Amino acid sequence: MPLLRVALAALLLCFTLTAQSAINTLPFQNNAQEKRYDHLIEELRCLVCQNQNLADSNADLAKDLRTQVYNMIMQGKSDQEILDYMVDRYGDFVLYRPPVKSTTYLLWAGPFLLLLLAFITTILFIRNRAKGTEPSMSEHDQARLQKLLQKNNKDSNS
Amino acid sequence: MKARALIPFAVFAVLVVLLAVGLTRDPKLVPSPLINKPAPMFSLPTIDHPDQQIGTTDFKGKVVLFNVWASWCVACREEQPILTQFAREHSTPVYGLNYKDQRDEAKRWLNYFGNPYIASAFDEKGRVGIDWGVYGVPETFLIDKKGIIRHKVIGPITPDIIANTLLPMIEKLEKES
């Protein structure tokens with residue numbers, strides 16, 4: 001029984017530790033600064049673990065870059081200045097949202113172009129199918145049909 | 001009708017080619033925005049002499065290799081003998097940036113794995129590394145006589161990279177005034 005109690009206590013201790021580490025310990029002067037910090041580290045990519053942003057990543061570089069973002073906020077730098085600073089060093093790739101410029105037009109417009117293409121294809125497909133429901137007949141068959149009909153008429157008239 | 005039946009196959013083929021090209025590219029290689037830009041300025045103490053400074057100004061007027069390394073970096077062990085041999089066989093000066101390391105460990109590591117550097121700057125906090133856009137050690141910058149970064153190798157330098165990329169570029173850069 002005491003063993004169970006110790007195990008339970010140890011388990012609870014684990015939770016308190018994780019809860020503590022999740023709390024942001026950086027001292028900010030006001031809430032606005034903290035919001036900007038949280039926003040910026042969400043927008044910046046960790047270059048070591050590329051599918052994580054700075055907020056999510058535990059990589060050493062991510063920690064350093066978070067510190068850099070924090071320091072720059074405390075120095076009174078604007079969001080744009082901080083983003084520019086990162087892009088100057090790591091390139092556009094550091095931004096989770098790629099900027100719209102000549103090299104990224106296709107990236108931004110691509111999905112809409114594909115959607116448009118799919119739309120056009122669908123319309124063409126539906127139109128063709130609508131046409132296809134009429135029974136088609138060659139001129140030769142049509143002439144034959146007329147002849148047969150006329151013959152039939154004559155036969156029934158006589 | 002026959003030509004139209006080929007359209008899905010054509011689309012499929014184009015897709016396969018695009019994806020195949022995509023597979024051969026390494027997403028870890030992020031192109032550096034620093035290429036063809038002046039090397040970021042820094043001044044740091046060297047590993048061997050804490051009271052001696054080394055920095056970008058020391059590179060002026062020479063074609064140099066600037067190699068970012070650390071004793072904790074596993075890939076650097078593979079690179080070090082190759083870089084050391086390069087430094088022995090060629091006159092191009094090799095400088096080092098010891099990135100986020102400890103001085104004693106770094107010295108011991110150089111003794112063990114080889115020291116190709118004229119000097120290594122000691123970037124304990126990694127601040128200079130950020131300025132140079134370092135994100136994966138080892139990284140190597142090729143800097144021309146005017147102090148412009150002309151090429152960056154991400155990951156360990158191989159004999160192949162030296163023979164086919166670095167040496168031809170160095171030869172060209174040496175001819176520039």
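In chain A, 40% of the contacts with a separation of 6 or more are between residues 24 or more positions apart; a contact here means that two C-beta atoms, placed from the backbone, lie within 7 Å. This is a predicted model, in which local features need pLDDT of at least 70 and side-chain atom pairs count only at pLDDT 80 or more, while totals for chains, interfaces and linings use all residues. Residues are numbered from 1 along each chain as its sequence is written, and chains are lettered from A in the order in which they are written.

Chain A has 6 helices and 0 strands, with helices (H or I, at least four residues) and strands (E, at least two) taken as DSSP runs numbered from the N terminus. Its pattern along the sequence is α-α-α-α-α-α. Of its 158 residues, 11% are buried, that is, have 20 or more other C-beta atoms within 10 Å of their own, C-beta atoms being placed from the backbone.

| Domain of chain A | Residues |
|---|---|
| Domain 1 | 26-99 |
| Domain 2 | 102-133 |

The centres of these two domains, taken over C-alpha atoms, are 38 Å apart.

Now to the partner chain. The contact draws on 13 residues from chain A and 12 residues from chain B. On the chain A side, helix H3 (60-74) and helix H4 (79-90) are the elements giving two or more residues.

In chain B, strand E4 (residues 94-99) runs parallel to E5(B), joined by 4 bridges; strands pair if DSSP finds at least two bridges between them.

Note on methods
Domains from an automatic or database assignment. Buried ≥ 20, exposed ≤ 12 C-beta atoms within 10 Å, placed from the backbone.
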